[in-house]
Amino acid sequence: MKRENLVNANSLNQYLYCPRRLWYQKYYDTIGENYYLRDGEIKHKNKGRRGGWTREIYLESEKYGIHGKIDVLESNLNIPVERKRGKYYRENDIIQLTAYCLLVEENSGEKTRSGIIYLHGTDERHRIQITKSRIEKLKRIVKEIKNFRLEQPPKIVANKNKCQKCSARKYCMPKESRMLGETNEQLE
Ligand code: SF4
């Protein structure tokens, strides 16, 4: 499968925050650079290895239609570690970690059914189990992202708080769109 047809693990996280924001990132370049091209550059970076750790490893999975760069891999145990800035993690972080586990699993040939989220805010490591339902959820999201169409932006997210700091806000115009009663009229 061509790389451009694979879904980035980070996009799964973005999708769960707001599908519409991911749609803007894909078609409107709202983060100021080409998202997919940037990812492609990562592929060619060297992976470094120190002790039992592998840093910045890029992997692809044809089976799940995903790719991504893993921050840290505890290579003796084949456990990916995702580092987060804050004090909490959410479902979107878990699904991103699920993607990393599946990437490791497919590329190592060994079952990788747990990963770690490290929170800088609390200096804690949380072991996360990769369950069947999480894998099913990942597959559903991958399918939905692959079905994105330029002429069909996803609906505005229900939780208005998410819009406050959204990088796509000036394109999306959530307030105006809500006043219009729906989401897509400004694009038609
Ligand atoms: S402004 Fe709100 S609805 Fe629009 S893309 Fe951002 S989070 Fe989603």
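Colleague: What makes Asp123 exposed?

Modeller: Asp123 has 8 other C-beta atoms within 10 Å. The model is predicted, local features need pLDDT of at least 70, and side-chain atom pairs count only at pLDDT 80 or more, whereas totals for chains, interfaces and linings use all residues. Residues are numbered from 1 along each chain as its sequence is written.

Colleague: Why does Lys87 count as exposed?

Modeller: Lys87 has 11 C-beta neighbours inside 10 Å, and for that reason it counts as exposed. Lys87 is found in the loop between strand S5 (79–84) and H4.

Colleague: Which residues is Lys87 in contact with, leaving aside its neighbours within four places in sequence?

Modeller: Those residues are Leu119, Gly121 and Thr122. Two residues are in contact if their C-beta atoms, placed from the backbone, lie within 7 Å. The C-alpha atoms of Lys87 and Gly121 are 4.4 Å apart, although 34 residues separate the two along the chain.

Colleague: Why are H1 and H4 called roughly antiparallel?

Modeller: Helix H1 (residues 9–17) and helix H4 (residues 91–108) pack at about 160 degrees, with their axes 8 Å apart. Axes are lines fitted to C-alpha atoms, for helices over the stretch in contact, and angles run from 0 to 180 degrees between N-to-C directions. Angles under 35 degrees count as roughly parallel, over 145 as roughly antiparallel, 65 to 115 as roughly perpendicular and the rest as oblique. H1 and H4 are therefore roughly antiparallel to each other. On the H1 side the contact is made by Ala9, Asn10, Leu12, Asn13, Leu16 and Tyr17, and on the H4 side by Glu91, Asn92, Asp93, Ile95, Gln96, Ala99 and Tyr100. By class, this contact of H1 with H4 has 7 nonpolar, 4 polar and 2 charged residues. Ala, Val, Leu, Ile, Met, Phe, Trp, Tyr, Cys and Pro count as nonpolar, Asp, Glu, Lys and Arg as charged, and the others, Gly among them, as polar.

Colleague: What makes H4 roughly perpendicular to H5?

Modeller: The axes of H4 and H5 come within 10 Å and cross at roughly 95 degrees. That angle makes H4 roughly perpendicular to H5. Ile94, Ile95, Thr98, Ala99 and Leu102 of H4 meet Arg134, Ile135, Lys137, Leu138 and Ile141 of H5. The contact of H4 with H5 has 7 nonpolar, 1 polar and 2 charged residues.

Colleague: How do you know that H1 is roughly perpendicular to H5?

Modeller: H1 and H5 pack at an angle of about 85 degrees, with their axes 10 Å apart. That makes H1 roughly perpendicular to H5. Ser11, Leu12 and Tyr15 of H1 form the contact with Leu138, Ile141 and Ile145 of H5. The residues of the contact of H1 with H5 comprise 5 nonpolar, 1 polar and no charged.

Colleague: Which residues of H1 are buried, and what covers them?

Modeller: Ala9, Ser11, Leu12, Asn13, Gln14 and Tyr15 are buried in H1. Their cover includes strand S1 (7–8), H2, strand S4 (66–74), H4 and helix H5 (132–146). In H2, the buried residues are Arg20, Arg21, Leu22, Trp23 and Tyr24, and their cover includes H1, H5 and H6.

Colleague: Which residues come nearest the ligand?

Modeller: Of the 13 residues around the ligand, Cys18, Arg21, Cys163, Cys166 and Cys172 come nearest. A residue is near a molecule or strand if its C-beta atom, placed from the backbone, lies within 6 Å of it. H2 gives the most to this shell, with 3 residues. By class, the shell has 9 nonpolar, no polar and 4 charged residues.

Terms used
Helix = DSSP H or I, 4+ residues; strand = E, 2+ residues; numbered from the N terminus. Buried ≥ 20, exposed ≤ 12 C-beta atoms within 10 Å, placed from the backbone.
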